[in-house]
Amino acid sequence: MAEKLWTKVDAYIDSQLGLADEVLAEALAANRKAGLPKIDVSPSQGALLHILVKMCGARRALEIGTLGGYSSIWIARALPSDGRLVTLEYSPLHGEVARANLARAGLADRVEVRIGKAAELLPQLAVEGAGDFDFVFIDADKPSNPVYLEWALRLSHPGTVIVVDNVIRDGEVADPRAKDENVKGSRAAFDFFAAHPGLVGTAVQTVGVKGYDGFLIGRVS
Ligand code: SAH
Ligand code: DHB
Ligand code: MG
């Protein structure tokens with residue numbers, strides 16, 4: 001019942017605020033056609049990422065976990081035309097679908113999709129001096145959240161905004177005896193925030209088409 005209502009309200013938000021344009025709809029259709037899992041952020045969640053990128057005036061953004069580039073489109077559109085998003089994806093198929101979606105969105109010049117294990121690509125970015133990201137979105141394999149947060153901090157500066165997806169997981173995050181590796185990954189992200197007082201933030205619980213979940217949102221001080 002509640003779930004049905006969330007979905008209905010999400011649809012209302014999307015239509016009232018015009019959150020689903022043709023390019024975004026085409027990207028989602030391409031993802032489904034290619035058989036990618038339906039775990040893209042929702043339109044209202046994508047819009048939240050978009051305004052956060054705008055609010056912190058980001059010029060350089062990093063995403064860990066591209067899938068078909070749906071969230072990448074929301075993030076990249078919030079950057080200035082000479083801004084840059086680097087997005088990391090393990091699956092070559094996902095990366096290929098994302099590149100096509102980003103090209104159709106007119107964002108190919110602004111977004112670099114790198115294929116490989118994020119834990120191996122992140123040190124490369126550091127070596128290249130590609131760091132100093134203003135905005136980081138972490139949305140890949142959940143058990144690696146602490147590793148990604150560590151790199152996000154290393155590649156950031158005071159003022160950088162860091163967002164972690166899927167940290168509430170139907171409320172399972174509050175269960176200290178949780179056995180699920182993904183839930184443990186959410187808890188590890190909270191532990192990371194607790195252990196790094198320079199990362200000031202909070203979690204926002206979300207309901208909607210993706211059920212009951214949420215974002216951890218922090219600012220590097
Ligand atoms: N941010 C996307 C959804 C990402 S889904 C959106 O909202 O549109 C998670 C993605 O992380 C999947 O495409 C998966 O292949 C990728 N992934 C999983 N493990 C990874 C790893 N070790 N390194 C990089 N990407 C990984
Ligand atoms: C899953 C992963 C995600 O990134 C997400 O947003 C939702 C679900 C998953 O692996 O189940
Ligand atoms: Mg996610």
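Guide: Let us begin with ligand 1, which sits in the largest pocket. Here a pocket is an open set of points, on a 1 Å grid over the protein atoms alone, where a 1.4 Å probe fits and protein lies on both sides within 12 Å along at least five of seven lines, and a molecule sits in it if more than half of its atoms lie within 2 Å of its grid points. Please keep in mind that this is a predicted model, in which local features need pLDDT of at least 70 and side-chain atom pairs count only at pLDDT 80 or more, while totals for chains, interfaces and linings use all residues. Residues are numbered from 1 along each chain as its sequence is written, chains are lettered from A and ligands numbered from 1 in the order in which they are written, and side-chain values use heavy atoms, with hydrogens and water left out.

Around ligand 1 there are 20 residues, the closest being V41, S71, E89, H94 and D139, where a residue counts as near if one of its heavy atoms lies within 4 Å. By class, this shell divides into nine nonpolar, five polar and six charged residues. As for polar contacts (pairs of N or O atoms within 3.5 Å), a nitrogen atom of ligand 1 is 2.8 Å from an N or O atom in the side chain of D139, and an oxygen atom of ligand 1 is 2.8 Å from a polar backbone atom of V41. Taken alone, ligand 1 exposes 580 Å², and the protein buries 88% of that, the areas coming from the Shrake-Rupley method with a 1.4 Å probe.

Ligand 2 also sits in the largest pocket, with I39, D139, K142, D165, N166, R169 and K210 around it. A polar side-chain atom of D139 lies 2.8 Å from an oxygen atom of ligand 2, and the side chain of K210 has an N or O atom 2.4 Å from an oxygen atom of this ligand. Taken alone, ligand 2 exposes 290 Å², of which the protein buries 69%.

Finally, the magnesium ion (ligand 3) is coordinated by D139 (OD), D165 (OD) and N166 (OD1), at 2.1 to 2.2 Å, donors being N, O and S atoms within 2.8 Å of the metal (3.2 Å for Na, K and Ca). Along the chain, these donors follow the spacing D-x25-D-N.

How values were computed. Polar contact = N/O pair within 3.5 Å; in protein donor to acceptor, adjacent residues only side chain to side chain. 1 Å grid on protein atoms, 1.4 Å probe; cavity = no way out; pocket = protein on both sides within 12 Å on 5 of 7 lines; lining within 4 Å. Nonpolar A, V, L, I, M, F, W, Y, C, P; charged D, E, K, R; others polar.
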